[in-house]
Amino acid sequence: MKRYTGQNRKITSKWRPATRAVRGGTARSEWGETSEALFLTSGYAYDCAADAAQRFAGEQQGMTYSRLQNPTVEMLEQRIALLEGSESARCTASGMAAMTAALLCQLKTGDHVVAGRALFGSCRWLTDTLLPKFGITTTVIDGRDNDAWKAAIRPETKLFFFETPSNPTLDIIDLAAVCTIAKDAGIKTVVDNAFATPMLQRPLDYGADIIAYSATKMMDGQGRVLAGAVCGTEDFILNTLLPFTRNTGPTLSAFNAWVVLKGLETLDLRIQKQSDNALRVARFLESRVPRLLYPMLESHPQHALAKKQMSAGGTILSLYLDGGRPQAHALLDALQLVDISNNIGDSRSLMTHPSSTTHAGMTAEAREEMGITEGMLRLSVGLEDPEDLIEDFDQALKAAGL
Ligand SMILES: *Cc1c(COP(=O)(O)O)cnc(C)c1O
């Protein structure tokens, strides 16, 4: 029987990413099913008491309890590790569970973290509110400024934490430069790679240590389940991440893991097509609004860097209107095809007004510092025909006076 698990590295290491996304991690049961089996079980039975004892002692291969291991979740973990090119990966119940675990598992009171300021709203809550509660200090900088990373380092700095492209301002952080600064100072980097996915950008190639994901976004890609993942070396996953996650329990359900396994089969197709659609819609919108940000447009201030480290622009673009919240809301309300929704990475095109939704929880100053104005809108481009999207925006822009 053909098994495509991580143990079978001889086969899988030859595969290109699109093949890994379809085949990687598959572990067939005795029935030889082609599509991965869904193991809805919380526990496992043992042939004898000695087996149970050995398994708990780590002397026998096998599973003990689904907070710790599950066959369906393990298939997804191996597939994600193969896509990322990391030695190992573990999945979590959501992207925020992945971010929280990736940070807390390696920090203690007295440590210091430097973070790029343009972070997902809840990630900023981790750096600004949660970590300081435990005596972990944080410095938030403009991640586009390589010198600012260097200047923020203190003797007790343990981690650099950033996302690129960032949400929703699409800042690009220089992966090679920032990871080198970190390495030279003995600091680990944690990169939130949700926007690009391993199909468009591989932070490990630039020296990043830990890659964390919201798999809710492009990996599921059809707006169905929440999931997350942390990728890193075998040593980091086994000895640093697992003691934290096994005992705190941010475990991914087998059902949600199965849905993401199905999603990954089409990840390469979807992200290429959605990136093409996003570029076409971005070119149209750019001619009609005062300012628009998309990494693969020549007008993006960091276009050259984006082209260097990403193979396509991804699904997200942001635009700025001069008429503030009233005009931004008017445009949203006039849309007939595109949904008003704060999710991203769906096969449906979704648009949101960050300052009144995803980033409403932060102070006005923090929003301002990040470049989230009242006239800003974020669009996640889906799989619809781009001509239909352009027609919808054409009429909505007119309705909003543009
Ligand atoms: C959505 C998102 C998260 C959080 O993921 P959840 O699955 O919603 O918990 C973190 N970082 C980025 C960049 C995101 O887009």
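Helix α10 (residues 234-248) runs for 15 residues and covers 20 Å from its first C-alpha to its last, close to the 21 Å expected at 1.5 Å a residue (the expected span being 1.5 Å times one less than the number of residues). Helices here are DSSP runs of H or I with at least four residues, strands are runs of E with at least two, and both are numbered from the N terminus. The model is predicted: local features need pLDDT of at least 70, side-chain atom pairs count only at pLDDT 80 or more, and totals for chains, interfaces and linings use all residues. Residues are numbered from 1 along each chain as its sequence is written, and side-chain values use heavy atoms, with hydrogens and water left out.

Helix α10 has a kink of about 50 degrees at L241, shortly before the proline P243; the bend at a residue is the angle between axes fitted to the seven residues ending there and the seven starting there. F236, I237, L241, L242 and T245 are the buried residues of α10, where buried means under 20% relative accessible area, exposed over 50% and partly exposed in between, with a 1.4 Å probe and protein chains only. Their cover includes β1 (88-92), α5 (95-104), β6 and β7 (228-232); contact means heavy atoms within 4.5 Å. Just past the end of α10, G249 has a positive phi of about 80 degrees.

Several of these strands belong to an open sheet of 7 strands, ordered β1-β7-β6-β5-β4-β2-β3 and mixed in its pairing (two strands pair if DSSP finds at least two bridges between them). β1 and β3 (137-141) are the edges, each with a single partner strand, so one side of each has no neighbour in the sheet. From one strand to the next, the twist averages 20 degrees; axes are lines fitted to C-alpha atoms, for helices over the stretch in contact, and angles run from 0 to 180 degrees between N-to-C directions.

Within this sheet, strand β2 (residues 112-116) runs parallel to β4, joined by 4 bridges, and V114 sits opposite F160 in β4. Helix α6 (residues 121-133) packs on the sheet and touches β2, β3, β4 and β5, with its direction at about 150 degrees to that of β3.

Now to β5 (residues 188-192), which is mostly covered, with 4 of its 5 residues buried. Strand β4 (residues 157-163) runs parallel to β5 over 5 bridges, and E163 is found opposite D192 in β5. To get from β4 to β5 the chain passes through helix α8 (residues 175-184), in a right-handed β-α-β crossover; right-handed means that, with the strands pointing away from the viewer, the path from the first strand over the helix to the second runs clockwise. β5 also pairs with strand β6 (residues 210-214), in the parallel sense over 3 bridges, and here D192 stands opposite A212.

There is another open sheet, of 5 strands in the order β8-β9-β12-β11-β10, again with mixed pairing. Its edge strands are β8 (291-293) and β10 (339-340), each pairing on one side only. Strand β11 (residues 350-352) is antiparallel to strand β12 (residues 376-380), with 3 bridges between them, and L350 faces S380 in β12 as its opposite residue.

Lastly, K14 lies in the loop between α1 (9-12) and α2 (17-23). K14 is exposed, with a relative accessible area of 65%. From K14 to M376 it is 362 residues in sequence and 44 Å in space, C-alpha to C-alpha.
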